[in-house]
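Have the viewer open while you read.

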Amino acid sequence: MNTILIRDSQVRVMENMVTNAEKYFGQFCSLLAAYTRKMARLRDKADQLVKQLIDFANTENPELQATLRNFAEDLAKVQDYRQAEVERLEIKVVNPLKFYGAQIKQTRAEIKKFKHIQNNEIKQLEKLEKLRQKSPSDRRMISQAETSVQRASVDASRTTRQLEETIVGFQEQKLKDLQKIFSDFVTIEMVFHAKAVEVYSSAFQTLENYDLEQDLEDFRAKMHGVYGHYSARPFTDTNTSSSVPWALTSQNTQSTIQSQRKEEDAGEDDSVEEDMVEDLRGQGQGQGLHK
């Protein structure tokens, strides 16, 4: 009976391990699949942003047009890297976790099989005890019952060893897979972010190098070329003059909003972000000196 209690204790440990694996691996699979889908949706939104940037660039002067096209090209590159990230997450992280559903089901079936054999051993023992109490002189029946108990005990011992090997193998594979899955996850994320930072640095320099004055000069030239012959005429139209206070009010309101935003931003400056911007600008100046 002590042997049966020991086996029962072993089975409880095995069942708890399998139950925890089923619960948490299922949650990992669900969360990482959702994470991968969100990365794909983020890629799609960024692709829309790239398209809008190009459409807007086509309406602007050459200087801004070139800047926005280069900026959009960098953003598109990042989305190419994000697409690779999504595909690798699906193959190396989500799919291996999905595999554990079938693996756990098979392991549970092995445990169920062992418990059936164990219950048979207990029944044979109980039958033997009843015979010894009711018919202690019936040696033939008692001998047959003892033989049945012995066979059931041998069968249970053999099945216990097999089940133990199965569970230990499952546990070992589970630990190895857990290590590999999350190592792959971190590697995929590191590769993506490293490449993204490189491209975003280029995008930052593109925006920093934008010649706003040249664009304004081109705009003034275009505006004067179209409307220049009206410049000598006095503004006598009442509709035109009435629009001036509106323009001034708008400018004052925008100035007030901008000053408020600047004050709010000044109180929420992130030193890490400032350092990163300064580093990027320093890199741009260094590249300019080398040129």
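1. Lys51 and Asp55 sit four residues apart in helix α1, so about one helical turn separates them. Their side chains form a salt bridge, with N to O at 3.1 Å. As for exposure, Lys51 counts as exposed at 51% relative accessibility, while Asp55 is partly exposed at 35%.

2. A word on confidence, since this is a predicted model. The protein chain has an average pLDDT of 78, and 77% of the residues score at least 70. Helix α1 has the highest confidence, with a mean of 91, whereas helix α5 (residues 238–267) has the lowest, with a mean of 40. Over residues 227–266 pLDDT stays under 50, and the model has two contacts beyond four places in sequence for that stretch. Where pLDDT is low, the predicted coordinates should not be read in detail.

3. Back to salt bridges: the structure holds six. One of them repeats the spacing seen above, with Lys180 and Asp184 four residues apart in helix α3, about one turn of the helix. The closest N and O atoms of Lys180 and Asp184 are 2.8 Å apart. Asp184 is buried, because its relative accessible area of 15% falls under the 20% cut-off.

4. Is Arg43 buried or exposed? At 15% relative accessibility, Arg43 counts as buried. Arg43 belongs to helix α1, and its side chain meets that of Asp44 in a salt bridge (3.0 Å, N to O). Asp44 itself is partly exposed, at 34%. Leaving out residues up to four places away in sequence, Arg43 touches Gln79, Arg82 and Gln83.

5. Now the nonpolar packing. The largest nonpolar core has 23 residues, and Val93, Leu97, Ile111 and Ile167 have the most contacts inside it. Helices α1 (2–57), α2 (62–134) and α3 (139–208) are the elements that each give two or more residues to this core. The largest share, nine residues, comes from α1. Take Leu97 as an example: apart from its neighbours within four places in sequence, Leu97 is in contact with Phe25, Phe28, Cys29, Leu32 and Ile181.

6. There is also a second, separate core of nine residues, and Val50, Leu53, Leu64 and Leu75 are among them. Leu212 is found in helix α4 (residues 212–227) and is partly exposed, with a relative accessible area of 44%.

How values were computed
Residues numbered from 1 in each chain as written. Predicted model: local features only at pLDDT ≥ 70, side-chain atom pairs only at ≥ 80, totals over all residues. Heavy atoms only, no water. Buried < 20%, exposed > 50% of the residue type's maximum accessible area, 1.4 Å probe, protein only. Core = buried A, V, L, I, M, F, W, Y, C linked by side-chain atoms within 4.5 Å. Contact = heavy atoms within 4.5 Å. pLDDT = per-residue confidence, 0-100. Salt bridge = Lys/Arg side-chain N within 4 Å of Asp/Glu carboxyl O.
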